[in-house]
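I opened this model to look up a few things about its side chains. My notes follow the display.

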Amino acid sequence: MDAEVEGELATQTQHSENLQAFTLTELKQVIKQLNPLKAPSSDLITAHMKQEMPPEGLQTLLHIFNAITKFGYWPVPLKHAKIIMIQKPGKNHTDVTSYRSTSLLPVISKILEKLLLKRIYNDTHFQAWIPLHQFGFRKAHSTIQQCHRLTDIINKALDYQQYCSALYLDVSQAFDKFWHQGVLLKIKQTLPPVYFNP
């Protein structure tokens, strides 16, 4: 299976066009929506600083973002995160497993990610490739709504005197066990070719 996926990822895709350039209006809109109280990354640039940028600075930032998408190269400093360890409540402070890590990404990286996400939403029919029952990491899909959905399913099963089975999984260190090549293949098969750059 892994060899098939690797082979599929290695095949060239037709890049007929570049990603449409971001506009100054799009950039201003994303920057305006940033939370100014969020902690900065190791570069110490805050969202508030970005919101106070003069027009010349915004224009320069826009040129940088459009160059990144045109050449398909994500600069290494935008991938660096400041890791903060937060102790879990009631856990032993001397045990490494008593802490959870939080990654503080550069504000510039967050802005570019938000611009790209808006573009993906506009360029694709994401309803067709994201199942309705997936609530994780989706806008306007909270835990409470998922609880309501689950309760509704259980109530309907009770009304019709049917069995209702549930299976709950909690995967330890899920990101480390994630099948990254499979996700890349899904991106290649689902999104327009301009979004896939192996």
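These entries cover a helix, charged residues and cysteines.

**Ground rules.** I am reading a predicted model, where local features need pLDDT of at least 70 and side-chain atom pairs count only at pLDDT 80 or more, while totals for chains, interfaces and linings use all residues. Residues are numbered from 1 along each chain as its sequence is written, and side-chain values use heavy atoms, with hydrogens and water left out.

**Helix 2.** Which of its residues are buried? I found E26, L27, V30 and I31. Buried means under 20% relative accessible area, exposed over 50%, and partly exposed in between, with a 1.4 Å probe and protein chains only. These four residues cover an arc of only 130° around the axis, so they sit on the same side of helix 2. I take the arc from the directions from the helix axis to the C-beta atoms. T25 and K32, on the other side, are exposed. Helix 3, helix 4 (55-71) and helix 5 (107-123) are among what covers the buried residues.

**Salt bridges.** I looked for a side-chain nitrogen of Lys or Arg within 4 Å of a carboxyl oxygen of Asp or Glu, which defines a salt bridge. How many salt bridges does the structure hold? I got two.

One joins R119 to E26, with the closest N and O atoms 2.7 Å apart. This pair links distant parts of the chain: R119 is in helix 5 and E26 in helix 2, 93 residues apart. Both R119 and E26 are buried.

K156 and D152 form a salt bridge too, at 3.4 Å from N to O. They are four residues apart in helix 7 (residues 143-159), so about one helical turn separates them. K156 is partly exposed at 46% relative accessible area, and D152 is partly exposed at 37%.

**K50.** I then checked K50, in helix 3 (residues 47-51). K50 is buried but has no salt bridge. The nearest side chain of opposite charge is D43, 7.5 Å away. Leaving aside neighbours within four places in sequence, K50 is in contact (heavy atoms within 4.5 Å) with I31, I45, L61, V107, I108 and I111.

**Cysteines.** I searched the whole structure for disulfides (cysteine sulfur atoms within 2.5 Å) and found zero. C147 is partly exposed at 42% relative accessible area, and C164 is partly exposed at 39%.

Note on methods: Helix = DSSP H or I, 4+ residues; strand = E, 2+ residues; numbered from the N terminus. Lys, Arg positive; Asp, Glu negative; His and termini not counted.
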